[in-house]
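Let's take a walk through this protein together. Have the picture open and follow along as we go.

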Amino acid sequence: MFTVEIESDYVKIVSVDADGKFEDVEMYLEDDGTCFIRQFSEELREFQLIAINYKQVLDLLASLDSDDGAYITTVV
């Protein structure tokens, strides 16, 4: 399950683990193309954060259906 919240300068997507084994994953897509992905760590009692650009998000999605190799994605 996931939710999408569209705000004036970003989109927030929250993915929930239906089995309850993992914490929610939050992805923020900013207007400037920055993508923040975070997940709460119970052990550390804080969010763990990575920042990537939107093209890297598309690369990650495209990789799910790819075989071994190196690829270049293009945005149309």
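A strand here is a DSSP run of E with at least two residues, a helix is a run of H or I with at least four, and both are numbered from the N terminus. Two strands pair if DSSP finds at least two bridges between them. As background, strands of a sheet pair through backbone hydrogen bonds, either parallel or antiparallel.

This is a predicted model, in which local features need pLDDT of at least 70 and side-chain atom pairs count only at pLDDT 80 or more, while totals for chains, interfaces and linings use all residues. Residues are numbered from 1 along each chain as its sequence is written, and side-chain values use heavy atoms, leaving out hydrogens and water.

## Who pairs with whom

Strand 2 (residues 10-15) pairs with strand 3 over six bridges, and lysine 12 stands opposite tyrosine 28 in strand 3. Strand 3 is then joined to strand 4 by five bridges. Those two strands form a hairpin with three residues between them, and glycine 33 in the turn has a positive phi of about 95 degrees.

Between strand 4 (residues 34-41) and strand 5 there are eight bridges. Arginine 38 is a handy landmark: glutamate 26 stands opposite this arginine in strand 4, and arginine 38 stands opposite leucine 49 in strand 5.

Which residues make up the largest nonpolar core? The five are Met27, Leu29, Cys35, Ile52 and Val57. Such a core is a set of buried Ala, Val, Leu, Ile, Met, Phe, Trp, Tyr and Cys residues joined through side-chain atoms within 4.5 Å. Valine 57 touches Met27, Cys35 and Ile52, leaving out residues up to four places away in sequence; contact means heavy atoms within 4.5 Å.

## Two residues up close

Is serine 41 buried or exposed? Serine 41 lies in strand 4 and counts as buried because its relative accessibility is 16%. The cut-offs are under 20% relative accessible area for buried, over 50% for exposed, and partly exposed in between (1.4 Å probe, protein chains only). Not counting residues up to four places away in sequence, serine 41 touches Glu46 and Gln48.

Phenylalanine 2, in strand 1, counts as exposed at 59% relative accessibility. Leaving aside neighbours within four places in sequence, phenylalanine 2 is in contact with Ile13, Val14 and Ser15.

## The whole protein

Along the sequence, the pattern reads β-β-β-β-β-α. The radius of gyration is 14 Å, well over the 11 Å that the globule rule gives for 76 residues, so the protein is more spread out than a compact globule. That radius is taken over C-alpha atoms, and the rule is 2.2 Å times the number of residues to the power 0.38. Of the 76 residues, 13% count as buried.
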